[in-house]
Amino acid sequence: MSFDVLFNQFMSGIARASLLFLVASGLSLTFGVLRVLNFAHGSLYMLGAFITYTIWKGLLIPTFGFYLATFLASLVMGGIGIIIEFFLLRRLYARGWPEQLLATYAIVLIITDLVKFGWGGEFLSIPRPAPFRGAVFLFGFPFPSYNFFIILLGLALVIFLWWLVYRTRIGDIIRAAAHDREMVSALGIPIPWLFTWIFVLGAMIAGLSGGVAGPYGAIALGMDIEIIVECFAVVVIGGMGSLPGTLLGSFIVGQVYAFGIMFKPELALAFIFMVMAAVLIIRPWGFFGRPER
Amino acid sequence: MVINQTEQKESMLKRGWWLILLVAGAIIAPHVISDFYLVILIEALIMSLFALSFNLLFGYMGQLSFGQAAFYGLGGYTVAMLITKVNFNFWLSLLAGVGVAGFVGLIVGFFCVRLRGIYFAVLTLAFGQLLFVIIYKWHDFTGGDDGIQGVFPPGILKIPMAYYYFVLLIFIASAFILWRIVNSPFGHTLKAMRENPERTEFLGIHIAKYQLITFVIAAAFAGLAGALWVPFYRSVAPFYLMWIKSGEPVMAAILGGASTFFGPVLGMFIMTFIHAYILGFTHFWPIIMGTIILIIIFALPGGILEFAKVKIKERQERMKSAKGSS
């Protein structure tokens, strides 16, 4: 196996890892603060993709329509996040986690049908937007330049989240709340509102990643389940609720997938779960996770 | 303690009469209802067995498995492949289905019982998806996304009515075995581990061993359910192993009441019949199911049977206090 083939595979693994990070970071952030594992995160991602498509179609701006549409879709998803958190999840924090999990599972079912109802079952696609239409040649192999856009966006999100969590006052509160929410509440910080905004941020990230996933793959029913199961692998490998863990997990899963496809395409997904099982045997709480109390 | 036991016996007797009534109803049922609902009834019975296997983990061991469908699907696939590929004996195929599900349960369980709570749920989900992907993609061996068709039960069992009584018999036997398990010292140990793992461990009980045994039993019964369903439906598809399928017993348990033995059965019957009824006029079944789940979670925490139990207890206490005051 020559170096150029491996490098190309590595780069497509990085692109996939970047998209995975976009989605999984929202999932991990929500879990870290709210301690709710949001099954519906993939559904928010799917809904974001479909809404981006519709706005993009309606805007009819050839060049920058896609970027604007993705931005607007992410705002819409934020609004939907407010509805879900305020009317459903908020009433369940006092209950056990199985009921919270089941509630988000119910949202998965509802969103699936809403999408089926609103957009039908067909595959939709958005052409790659300018200036990322063409391909870049890496050692003689064509590599879609749109993948670079996704990689850049992933990096931007890493930096933004790192800045938000480790360099701002809100970040201090987020980390404190993840550690001991009663104590934070006792200090006079309105925890319910913090939870709402974190969930909204997660939903917006989901919408944004769904939007940029459009030109990367196809927009179709089922993309929610496909991504959420991989995201579970990401957060479990990295450690649930940890930002560096999510980054590492995305990298591992993206690379395992990229090289798994080269080795045996049918079992690329199976390899991911094998790696995940292996990690869990060595470190049951993932690389950066903390044991449950 | 002695009084407690006689009280328990009394309540067992009280429970007994409606169980007998239910069984009698189940025996008469196929002669009363239409052929369409007979098929639904068989499905409900098999899915109830699946839900009972799930609730052994969820209700008694206290761990939520989101990958139980993998064992259901494995049981089904084992039967389908043995019957269609090597023309294996039907009865031995059923046993093999249970065996394969139990054996894979042993491997998967070995890893899963080290984890608790949400981590357990996600790991079971991941293993379930792993098995699903393998069967889905391994086209040469399993038929991939085409699944396997033409799985026929032998002789008289091809008639739905006969198959119904066969399933009913196995269901009653399985439910009885599971009932005995959860009410045995083993079952009480499970409940103790659920309530307080640390304290139970201090009593010298090896938690992981107990949980692994439970995991294998649950996997075997889920496999039995799948092995029963596939010859009746005549085909199997990878979808049976998917996490969406795993969600069904979770919903049934929470709908009916996970803290009661028969809650999941009630939940599964309600779900299966609503499903059959709704599919008559719309394909938008998930949205209705999702809404029902949300309503149950908010309006009837603990599930229908638990809610009914609490209400009955309240009434009895009111009557007692009324007697006491007069």
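The structure is a predicted model, in which local features need pLDDT of at least 70, side-chain atom pairs count only at pLDDT 80 or more, and totals for chains, interfaces and linings use all residues. Residues are numbered from 1 along each chain as its sequence is written, and chains are lettered from A in the order in which they are written.

R35(A) is not a glycine, yet its phi is positive, about 60°; the residue is found in the loop between α1 (3-34) and α2 (41-59) of chain A (helices are DSSP runs of H or I with at least four residues, strands runs of E with at least two, numbered from the N terminus). In chain B, R234(B) likewise has a positive phi, near 70°, and lies in the loop between α10 (207-233) and β2 (235-236).

The contact between the chains takes 34 residues from chain A and 35 residues from chain B (contact requires C-beta atoms, placed from the backbone, within 7 Å). On the side of chain A that touches chain B, α4(A) gives the most, with 15 residues.

The largest nonpolar core has 195 residues, of which A233(A) and A126(B) touch the most other members (such a core joins buried Ala, Val, Leu, Ile, Met, Phe, Trp, Tyr and Cys residues through C-beta atoms within 7 Å). Residues up to four places away in sequence aside, A233(A) touches V253(A), I272(A), F273(A), M276(A) and A126(B).

Methods
Two residues are in contact if their C-beta atoms, placed from the backbone, lie within 7 Å. A residue is buried if 20 or more other C-beta atoms lie within 10 Å of its own, exposed if 12 or fewer, and partly exposed in between; C-beta atoms are placed from the backbone.
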